[in-house]
Amino acid sequence: MIDPPQKGVLVSQRHAYEYANAVSRVLELREGDRYYAPLPLFHIAGQWAVVYACLQRGATAVIRRRFSVSEFWEDCAAEGVTTTFLLGAMAQFLYAQDAPLPDGVRLDRALSKDEILEVYL
């Protein structure tokens, strides 16, 4: 199947700022946090909910090329991740893993798309 051409959307600076700020508030994102983003940067979640939110709060964005269920927890441990944003079924895929967490996982806050929509809308 061939994807149709993508359409550009005009977005105000205020809209982008408020979206990222809402994510920051819900996650209690703060300076020193390491925010893991296994999300594409062409997606609003990767751009605003991770990168822009980190810029606003002085946190570090840990960027991954793609989401991997088998590597997620090892990545979190290796990078000292304290928070993450999961889209769609990502959380269910991780929950379904039948393996213990590796040593060194510090992740203490996570956000799913549905939670941010409740706050933002």
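A search of the whole structure, which is a predicted model, finds five aromatic pairs. Rings of Phe, Tyr and Trp (its six-membered ring) are paired here if their centres lie within 6.5 Å; planes under 30 degrees apart count as stacked, over 60 as edge-to-face and the rest as tilted. One of these pairs joins tyrosine 19 and tryptophan 48: the ring centres are 5.6 Å apart and the planes stand at 65 degrees, so the pair is edge-to-face. Because tyrosine 19 lies in helix α1 and tryptophan 48 in helix α2, the pair ties together parts that are 29 residues apart in sequence. Helices (H or I, at least four residues) and strands (E, at least two) are DSSP runs, numbered from the N terminus. Tyrosine 19 is buried, with a relative accessible area of 9%, and tryptophan 48 is likewise buried at 13%. Buried means under 20% relative accessible area, exposed over 50%, and partly exposed in between (1.4 Å probe, protein chains only).

Phenylalanine 72 and tryptophan 73 form an edge-to-face pair, with 4.9 Å from centre to centre and 90 degrees between the planes. Phenylalanine 72 is buried, its relative accessible area being 0%. Together with Tyr36 and Phe67, Phe72 and Trp73 make up one aromatic cluster.

The strands form an open sheet of four, in the order β2-β1-β3-β4 and with parallel pairing; two strands pair if DSSP finds at least two bridges between them. Strands β2 (60-63) and β4 (109-112) stand at the edges, and each has a single partner strand, so one side of each is left without a neighbour in the sheet. On average, neighbouring strands are turned by 25 degrees against each other, direction ignored. Strand β1 (residues 34-37) runs parallel to β2 and is joined to β2 by four bridges; tyrosine 35 has alanine 61 as its bridge partner in β2.

Helix α1 (residues 13-27) lies across β1, β3 (83-86) and β4, at about 135 degrees to β4. Helix α2 (residues 44-57) lies across β1, β2 and β3, at about 170 degrees to β1. Contact means heavy atoms within 4.5 Å; axes are lines fitted to C-alpha atoms, for helices over the stretch in contact, and angles run from 0 to 180 degrees between N-to-C directions. From β1 the chain passes through α2 to β2 in a right-handed β-α-β crossover, meaning that, with the strands pointing away from the viewer, the path from the first strand over the helix to the second runs clockwise.

Residues are numbered from 1 along each chain as its sequence is written, and side-chain values use heavy atoms, with hydrogens and water left out. Local features need pLDDT of at least 70 and side-chain atom pairs count only at pLDDT 80 or more, whereas totals for chains, interfaces and linings use all residues.
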